[in-house]
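Colleague: Hi, I'm new to this one. Could you walk me through its charged side chains?
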Amino acid sequence: MSGNLEMNILVINSGSSSLKYQLFKMPNQSPICSGLVERIGIDGSYIKHTVFSNGEKLVTEKSGSIADHGEALKQVLAMLSGGEKPVIASPEDIAAVGHRVVHGGEHFSGPTLITDEVKAQIKKLFSLAPLHNPVNLKCIEVAEQTFKNAVQVAVFDTAFHQTIPAEAFRYAIPDKYYKEDGIRVYGFHGTSHKYVSEQAIMWLDKKESKIISIHLGNGCSMTAIKNGQSIDTSMGFGPLSGLVMGTRSGDIDPSVIFHLIEHAGYSLSQLSTLFNKESGLLGVGGSSDMRDIRKLVAEGNDDAILALELYAYRIKKFIGAYTAVMNGVDAIIFTAGVGENDMAMRESACRELDYLGIELDNDANAQYNGGIMDVSSRNSKVRILVIPTNEEYEIASQCYGLLN
């Protein structure tokens, strides 16, 4: 394929029990439709399908039993080609399917045409992303059968971070663990960090730039981006390290793990559950949802107050660290669910950073209502930007670039 041809690209972003999708007629940036399948394999499965037409949204909702991701994709195809406003006539209308794959190891540094060899590599990495890579591969295999004429493309969360230098991605453990077992910093949320940093570079009109991207959702990570390339990131070998998250602890002294094994009799499975599913905002403040934490804070709950303080403090530590690593910073970006919607967290994270030239305009911060917006004060040497992430469009764009 060559030239700037129009083509329908379906983007599939699958989680352990969910599947998000968007259909784009590239190179148009606005989706034709989008949807979400939730509670796959769990009671109360649910589909929300939205078609965008002439400035209006046509929403279809459906509940019922969806056993696995294969069944979910069949339901997605039925939504795309049926209902009140079908957006395709048949599976043959889809030129390419772009798949978000969480872990690509060191093998993949960009969008990749899916072959048997690529699928084998994704399978080899199951142990590094056990909740995501198996589901990602399953969706690839189902999509190959569902959209038989479409080109299948993988876009890896880890790819953007392949530019990180050895002094940042290596751990100070014996060499063999890196060479033989691949133990190193991989980083995640790469598609999001890539998208918002490129938006910031265009907004700043400054290719030679130093940017800190702050992705705050249920999972949270920060990335130091110099001249458009990732040079350090807070998530590491897996998505557990770095910031305080919804249910993940973020950085913790490994001695805590040894202590719990030796003195409290914890199994490895119990520790995994503790640090991945029972910690973070949930463990400290009582809920993994920032909105619930805010309600508890309003009621004077001390645990919730501490949870927010820990959350903001960790962000500030990484802002300082990445400013040092890059010898300065031109802009910091807040993105994803909490980053875009929680003005109070933006204020907390930026408080008392004036020494670094980071000063928030509280009025502008409170008035944010979407799009790219500068919420820094007039005197701030560093721009503080809120930029909505768009991982699905970034995946579609990378697919389109690969095929043109």
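Colleague: Which side chain does Lys 179 meet in a salt bridge?
Modeller: Asp 175 is the partner, with N to O at 2.8 Å. Bear in mind that this is a predicted model.
Colleague: Where do Lys 179 and Asp 175 sit in the chain?
Modeller: Both are in helix H5, which covers residues 175–179. They are 4 residues apart there, so about one helical turn separates them.
Colleague: And is Lys 179 buried or exposed?
Modeller: Lys 179 is exposed, at 63% relative accessible area. Asp 175 is partly exposed, at 33%.
Colleague: New topic: what does Lys 194 pair with?
Modeller: Lys 194 has a salt bridge to Glu 394, and their closest N and O atoms are 3.0 Å apart. Lys 194 belongs to helix H6 (residues 190–204) and Glu 394 to helix H15 (residues 391–403), so this pair ties together parts 200 residues apart in sequence.
Colleague: Is Glu 394 buried or exposed?
Modeller: Glu 394 is buried, with 4% relative accessibility, while Lys 194 is partly exposed at 21%.
Colleague: What about Asp 330, which side chain does it meet?
Modeller: Asp 330 forms a salt bridge with Lys 206, N to O at 3.0 Å. Asp 330 is in the loop between helix H11 and strand E12, and Lys 206 is in the loop between H6 and strand E9, so parts 124 residues apart in sequence are tied together. Lys 206 is partly exposed, at 36%.
Colleague: How many salt bridges does a search of the whole structure find?
Modeller: The search finds 14. There is also a network of salt bridges linking Asp 116, Lys 119 and Glu 144.

Note on methods. Residues numbered from 1 in each chain as written. Predicted model: local features only at pLDDT ≥ 70, side-chain atom pairs only at ≥ 80, totals over all residues. Heavy atoms only, no water. Salt bridge = Lys/Arg side-chain N within 4 Å of Asp/Glu carboxyl O. Helix = DSSP H or I, 4+ residues; strand = E, 2+ residues; numbered from the N terminus. Buried < 20%, exposed > 50% of the residue type's maximum accessible area, 1.4 Å probe, protein only.
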